[in-house]
Structure formats: structure tokens, C-alpha cells
Amino acid sequence: MSLIPNFLNRRSNVFDPFSLDVWDPFEGFPQLSSLSNFPSETSSFAAAKVDWKETPNAHVFKADVPGLKREEVKVEIEEGRVLQISGERSQEQEEKSDTWHRVERSSGRFSRRFRLPENAKVEEVKAAMENGVLTVTVPKEEVKRPDVRPIQISG
């Protein structure tokens, strides 16, 4: 049992040097935009969920981007070692004759950034999308082991 509680079921670690996520103190609260007539730029979609796992050969990122087409998602390497996954879901066009009873699907922009470790081969990043899940694979360089040679001890 941890002495530090996991606030709002966040899976990220505030002490993780590779995470560039910004803590949002209002995460999990009802959106204020639902209380007003003004649309909000940010929405629950703005926080696209991403899993990051490390295998012996690569770092693998999986992002949930349901309903987006391949052309609506961008994967970029910035500043040498920062992986950025971003995109935008357009809001549906409203017809004057339509009456909306509930709007739960979100729209808007999202962007997630991750600082990649030194062993990442940023020139060989690959991305694929299937069934609303974006998979980004960043291969790892082999760890060079130091050359060790034994020294005879004379006596």
C-alpha cells in the first residue's frame, strides 16, 4: 500500500523525468462549458489516453484515437528527442432543424508529448493505426558494454 495516494486515478508519475504531462487540478471535475452556452476549446478528448511500454528492443506507445482518420493524426519528433502525438476531431455540423438531446462525444484538438530516453533511435520511428488505436514504435539502440580485460595481480 502506498503512502502517497493516486489522485483522480492518474497513471502517470509526477517524478517520471520522461513525462511531459502537465498536472491539471481541474481534471475529473465537470466541465464548466456544459454549464454555459459557450463551446470549450478543451474537452475530454484533449487528454487522449496513451500507454508507454518498454520492451527489450523498443519503446512502444499506444494512443486511443477513436473515430479519427490516419490523416487527422500527426506523429512528430521535436527538439531531437521529444515525441509528439497530436490531432483534431471536428465538431459535427448542426442543422437548424435538428434537436440535440445529448452531446457526449467530444471534439477538438489534442496533443501529447514524451521526452524519449538517450537510447531511442529517433530516425527509425514507425507509426501504425488500426481500429482507433495509434501504435508508435521507437526502436532502441543496443547498450554498448564497456570493454573489460582482466589484469594479472603479481605477487
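Visitor: In what order do the elements of the chain run from the N terminus on?
Guide: This is a predicted model. Its chain has zero helices and seven strands. From the N terminus on, the elements run β-β-β-β-β-β-β.

Visitor: Which element gives the most to the largest nonpolar core?
Guide: That core has 17 residues, and Phe 61, Leu 134 and Val 136 have the most contacts inside it. Two or more residues come from each of strand E2 (58-64), E4, E5 and strand E7 (133-139). With three residues, the element that gives the most is E7.

Visitor: Leaving aside neighbours within four places in sequence, which residues is Val 136 in contact with?
Guide: Val 136 is among the core residues with the most contacts inside the core. Contact here means heavy atoms within 4.5 Å. Beyond four places in sequence, its partners are His 59, Val 60, Phe 61, Val 75, Leu 83, Ile 85, Val 125, Lys 126 and Ala 127.

Visitor: Is Arg 105 buried or exposed?
Guide: Arg 105 sits in the loop between strand E4 (82-89) and strand E5 (108-115). The cut-off for exposed is over 50% relative accessible area. Arg 105 has 63% relative accessibility, so it counts as exposed.

Visitor: How far apart in space are Arg 105 and Gln 91?
Guide: In sequence, Arg 105 and Gln 91 are 14 residues apart. From C-alpha to C-alpha, their separation in space is 9.2 Å.

Note on methods:
Residues are numbered from 1 along each chain as its sequence is written. This is a predicted model: local features need pLDDT of at least 70, side-chain atom pairs count only at pLDDT 80 or more; totals for chains, interfaces and linings use all residues. Side-chain values use heavy atoms; hydrogens and water are left out. Helices (H or I, at least four residues) and strands (E, at least two) are DSSP runs, numbered from the N terminus. Buried means under 20% relative accessible area, exposed over 50%, partly exposed in between (1.4 Å probe, protein chains only). A nonpolar core is a set of buried Ala, Val, Leu, Ile, Met, Phe, Trp, Tyr and Cys residues joined through side-chain atoms within 4.5 Å.
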